[in-house]
Amino acid sequence: MTVSMTKLDRRAFLVGVAAAGGGLSLGFQIPFGATSFGAGTARAADGAPEINAWIVIRPDDSVVIRIARSEMGQGTLTGLAQLVAEELECDWSKVTTEFPTPGQNVARKRVWGNFSTGGSRGIRESNEYVRKGGAAAREMLIQAAANEWKVPVGECSAANSVVTHKPSGKTATYGKLAEAAAKLDPPKEITLKDVKDWKVAGKGLKRLDTRDKLNGKLVYGIDIKLPGMLTAAIRDCPVNGGKVTSFDAAKVTGMRGVKKVVQVGDSAVAVVADSFWNAKTAVAALPIVWDNGPGGKVSSESIGAMLKEGLDADQAYVGNKAGDAKAALAGAAKTVEAVYAYPFQNHATMEPMNATALYTDDKCEVWAPTQNGEAALATVAEASGLPVGKCEVYKMMLGGGFGRRGRSDYIQQAVLIARQIPGTPVKLLWTREEDMTHCSYHPVTQCKLTGGFDAAGNLTALHMRISGQSIAASLAPQLLQNGMDPVTFQGLNPGGPEGAFGYNIPNLLIDHAMRNTHLVAGFWRGVNTNHNAIYVECFMDELAQASGQDPLEFRRKLLKPKHLAVLNAVAEKAGYGKPPQGRYHGIAQIMGFGSYVAACAEVSVDAKGVLKIHRIVAGTDPGTAVNPAQIERQVCGSFVYGLSAMLYGECTVKDGAIEQTNFDSYNVMRIDEMPQVEAVLVPSGGFWGGVGEPTIAVAAPAVLNAIFAATGKRIQTFPLMNHDLKSA
Amino acid sequence: MVSLNVNGKFYEADVDSRTPLLWALRDTIGLTGTKYGCGIAQCGACTVHIDGSASRSCSIPVSSVVGKEITTIEGLAPDGTLTKVQQAWLDNDVPQCGYCQSGMIMAVASLLKDKPKPTDADIDLVISNICRCGTYQQVREAIHAAANA
């Protein structure tokens, strides 16, 4: 099943890449005119005209902005709407949003571009074309007014959903102009506003989607209700790559509410029942014999040994190289070496994986919380055996994503179940236990770092060897370049807009010995920057200590300007070096997802070894800030995610299966451990970086370096709960 | 058949008496605002009020709540209105994905009933709901805002 799933995801990805790639070669021309839909005006379901694919304006002046990316709490819906509204010059209080479906996107030649939502790409990747959509619509509305008034278009202007002809004082609202505007050709030239002139974008506006989250009205994937719907609970082989040998359906078919027992692919069995509780109770009681396959022999210890071998292996993929690190280390006056290790971790979205499918002979519809609507659609087509044109995916609100819902494995299962009960909608819901044990886990890695100083105490060489699992090899083999996974080097790249290594070191070698396990590695909020930042930033502290230098002063000598600027901003706000009595500071920085980030943690550790994280000052330079209030919330939340991982996050393997099954064995942070987080936003302009993920990576190393300052203990394996911080 | 008093209405739920209240609410009565997160009373997403006290409905069999007053997130405020906790959540823009917030709001409403002006220490002691988006800082601010409203 894993093999076929990889194939599915890969195909879907290739569909997306091929289309986007084709567009890129033409300058990615998103058609802005309603005519792109064919003859006549395209209309929303309620009959209101589309000005273009992004914007529908109703006669009552309300504006519907289409959002292609998935909203999973990160606020992209509000930010993207702000960008469209800014250019449209519409009244923000009249803005609502809707999600076009992946099927509509296919039918309209990908007019909304990429639906995939991950890698903190929502705003940074689509800001230009959604702003152009808003600007084009504004120009068409102004033109429609000028046409009606028979005046030069240059004498008309738009603001707050009203077009005004200054010389005559005539005005018309967008609602009155929409029908005429929708019939016009889009402008050929579009000039976007300068960021300094923004009135709606760039402001810390409240989210558009809060109210229904307060009263239980918002319908998440898990909440969907369809007439005649049944519910399925599933058990997939506990060992990835294993199969079902046999199961005894007769043992459970008489149980309360049970309708059917079905095999799902070659590795899972589901019970379909009248309610989730009845389905879950029956599937738990179902005798299943598994063939665990070769993965059944694997343990955390065997994985650890395999990775350890990679630390000194001859063959490795080179991600970043300058000078001759090995020779420089051999000739160094002093060398420092350290080995770190980072475990598998589960995303643990609050809403477990689920999808609802309705299959008939000529149609397959799926309602699912997904971060990748188009990959989900491709999965539905493949699993149903129907052409894409006869499939549809309705994106439901996500109860968290964090990368897990970019994968469509649970959607494939739902379709495979529904195919066996044609005409009946079936909601597949994973138990938390199924979710915990069938994740695409944060990759497991180890890292050996060796630094070399010259006789004057200057850092002249660094070799960083990562050994461990590749996400691309698990989920996106098309990303591999001659076998190398470039995503491994997030935050360690020689340059580029995504995640450049921050330090100028004359002799540098960063390489990766790929060591894959039978478990699936996946994109986990922050992805590879999480462990890469720990390795680099904790080791930089080790190097500073070894050369008798303050960690901040040591970094100041080596960091590139933009990396340093955000670290300096944080150090200043935090009062670095002058913590309150009994508290200690630690710092860290990295560039990830297009943004420069840094943190200063203030901690204390008492005599019993109890850690208290009092305060975090977190800096972000995302280039351009679309909604500072929501960025601040993403930054605060990123520390909960990153610190939960550091404190508790560990999925261990025994007999090939993950041992942690629920929040009792896979703990996460609660409110009592939440430090005061102060977000420092320093957008330096000229680029667009992501904000949902980058600061996660600095959470752990900043705190770990502060723990060292407090205790002299250098934590090199994770999570922290496995260590005793008690003073010796 | 089990008789349940939910949000002031009586329902006859045709479920096994051992069925957790959560699933009777969601699948039988159709009130899906109460969420499933863990099924073992760890995460708090399923928090409802039983006779006014915050309780984790995933681990309470329906048989044990017969004759008791059950309040879910849907019944916290009359339609179209917000309690001061919900209003503070709106004013402070608390939710991100929002999935845990039904349970969070129910837990906080119960806390404020017992302690109208909770300290940070009171909050730390009582509120143990999990939020994976990490809204804890905004939750804390909104609790104080609601207490001072």
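This is a predicted model: local features need pLDDT of at least 70, side-chain atom pairs count only at pLDDT 80 or more; totals for chains, interfaces and linings use all residues.
Ser62(A) sits in the loop between strand S2 (55–57) and strand S3 (63–66) of chain A. Strands (E, at least two residues) and helices (H or I, at least four) are DSSP runs, numbered from the N terminus.

Is Ser62(A) buried or exposed? Ser62(A) counts as buried because its relative accessibility is 12%; buried means under 20% relative accessible area, exposed over 50%, and partly exposed in between, with a 1.4 Å probe and protein chains only. Leaving aside residues up to four places away in sequence, Ser62(A) touches Val56(A), Ile57(A) and Lys94(A), where contact means heavy atoms within 4.5 Å.

## Around strand S16

Over in strand S16 (residues 363–368) of chain A, 5 of the 6 residues are buried. S16(A) pairs with strand S15 (residues 354–360) of chain A in the antiparallel sense, over 5 bridges; pairing takes at least two DSSP bridges between two strands. The two strands make a hairpin with 2 residues between them, and Thr360(A) stands opposite Lys363(A).

S16(A) also runs parallel to strand S17 (residues 391–395) of chain A, again joined by 5 bridges, and Trp367(A) has Tyr394(A) as its bridge partner there. To get from S16(A) to S17(A), the chain goes through helix H9 (residues 373–384) of chain A in a right-handed β-α-β crossover. Right-handed means that, with the strands pointing away from the viewer, the path from the first strand over the helix to the second runs clockwise.

## Where chain B meets chain A

Here 55 residues of chain B are in contact with 59 residues of chain A. About 4700 Å² is buried between them, with carbon and sulfur atoms giving 56%; that is the accessible area (1.4 Å probe) that the two parts lose on being put together, summed over both.

The interface has 4 salt bridges, each a side-chain nitrogen of Lys or Arg within 4 Å of a carboxyl oxygen of Asp or Glu. Asp223(A) forms a salt bridge with Arg26(B), with the closest N and O atoms 2.9 Å apart.

## Ground rules

Residues are numbered from 1 along each chain as its sequence is written, and chains are lettered from A and ligands numbered from 1 in the order in which they are written. Local features need pLDDT of at least 70, side-chain atom pairs count only at pLDDT 80 or more, and totals for chains, interfaces and linings use all residues, while side-chain values use heavy atoms, leaving out hydrogens and water.
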